Amino acid sequence: MNPVEEGTDMKTVSGNAGVAGRPTVDLGTLAREFLGLCKLKVVALIVFTAVVGMMLAVPGMVPWMPLVFGTLGIGMAASSAAAINHLVDRRADAIMARTQYRPLPKGTLTTTQAASFAIILGVVSMLILWFLVNPLTALLTFLSLIGYAIVYTMWLKRATPQNIVIGGAAGAAPPVLGWAAVTGTVDPHSLLLFLIIFAWTPPHFWALAIHRRDEYAKVDIPMLPVTHGIPFTRLQVLLYTYILLIVTLLPFVVQMSGVFYLIGALGLGAGFLYYAYKLKADAEPGIAMKTFGYSIVYLMALFAFLLVDHYLPLLWKAIA
């Protein structure tokens with residue numbers, strides 16, 4: 001298969017092809033292609049949950065060094081893991097409609113360029129975290145990077161239909177990393193934040209996997225809808241949504257958060273259950289992607305409720 005797809009939006013310096021048939025791209029386009037390796041939308045969510053972890057770790061404002069350099073280092077490490085994911089999955093990406101216009105399948109970046117980019121990002125992120133934040137955060141971030149880029153992407157993804165459940169541990173780490181960046185410790189409350197994302201990941205991703213079931217089957221990736229069928233996966237989404245709802249009550253139960261968060265968690269959880277039930281019943285066309293879309297909004301809003309609830313006492317005190 002020709003890696004350069006017709007109709008792709010690539011600006012060339014001249015009308016001629018580059019070396020070995022690769023398109024010659026200008027610097028602006030090249031920069032956009034490297035940014036495309038980073039999965040910036042995913043990284044933004046990772047960084048947001050990490051920053052919430054930082055802010056929940058202290059009663060007032062986060063010190064500027066862990067806030068700035070912790071955010072930068074964690075974001076760069078997540079981008080490095082995303083680039084490795086592009087590199088490992090490039091052949092499958094070329095076949096799947098959702099991913100065939102990524103930089104490597106298109107041919108606008110070489111595997112050497114992608115690998116070099118991933119290594120540089122990873123090394124720089126570790127240096128930032130080790131020397132400008134603290135060694136614990138660097139170590140935990142490194143383990144998270146290895147967990148996603150190596151354990152999940154290179155092994156679990158193609159080894160078991162429970163890949164996203166087991167591999168979800170790496171994706172659930174950012175709040176723990178953020179907390180550690182500020183305090184230098186792994187606090188039990190940060191592990192509750194980890195548990196929330198860990199429980200959220202299966203219903204979030206399986207909704208997408210249902211929608212993309214045929215594409216995963218085509219590239220022999222054993223996602224749950226491929227190995228166990230769509231009806232079974234719909235049931236699992238519903239069951240995990242119940243687990244998620246229970247887990248999200250724990251911050252209130254242990255008095256980590258207050259009533260404001262509790263109301264938000266219950267309301268958002270009711271919304272997730274609504275979509276999970278509609279998905280289980282296959283109630284309308286496109287419900288899998290609607291559930292997937294809601295799950296992203298859900299997680300962002302849930303962590304926003306945690307953050308606002310955390311600073312409400314300071315707000316009341318300032319007003320009084």
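This is a predicted model: local features need pLDDT of at least 70, side-chain atom pairs count only at pLDDT 80 or more; totals for chains, interfaces and linings use all residues.

Buried means under 20% relative accessible area, exposed means over 50%, and partly exposed is in between, using a 1.4 Å probe and protein chains only.

Numbering starts from 1 along each chain as its sequence is written, and side-chain values use heavy atoms, with hydrogens and water left out.

On to the rings: those of Phe, Tyr and Trp (its six-membered ring) pair if their centres lie within 6.5 Å, with planes under 30 degrees apart called stacked, over 60 edge-to-face and the rest tilted. That rule gives 13 aromatic pairs. Here are two of them:

| Pair | Centre to centre | Plane angle | Type |
|---|---|---|---|
| Phenylalanine 205 and tyrosine 216 | 6.5 Å | 50° | tilted |
| Tyrosine 242 and tyrosine 277 | 6.2 Å | 90° | edge-to-face |

Tyrosine 242 sits in helix H13 and tyrosine 277 in helix H15 (residues 259–280), 35 residues apart; helices are DSSP runs (H or I, at least four residues), numbered from the N terminus. Tyrosine 242 is partly exposed at 34%, and so is tyrosine 277 at 41%. Phenylalanine 205, by contrast, counts as buried at 15% relative accessibility.

Helix H13 (residues 230–248) also holds valine 237, which is buried at 0% relative accessible area. Valine 237 lies 9.1 Å from phenylalanine 205, C-alpha to C-alpha.

Definitions and conventions. Helices (H or I, at least four residues) and strands (E, at least two) are DSSP runs, numbered from the N terminus.
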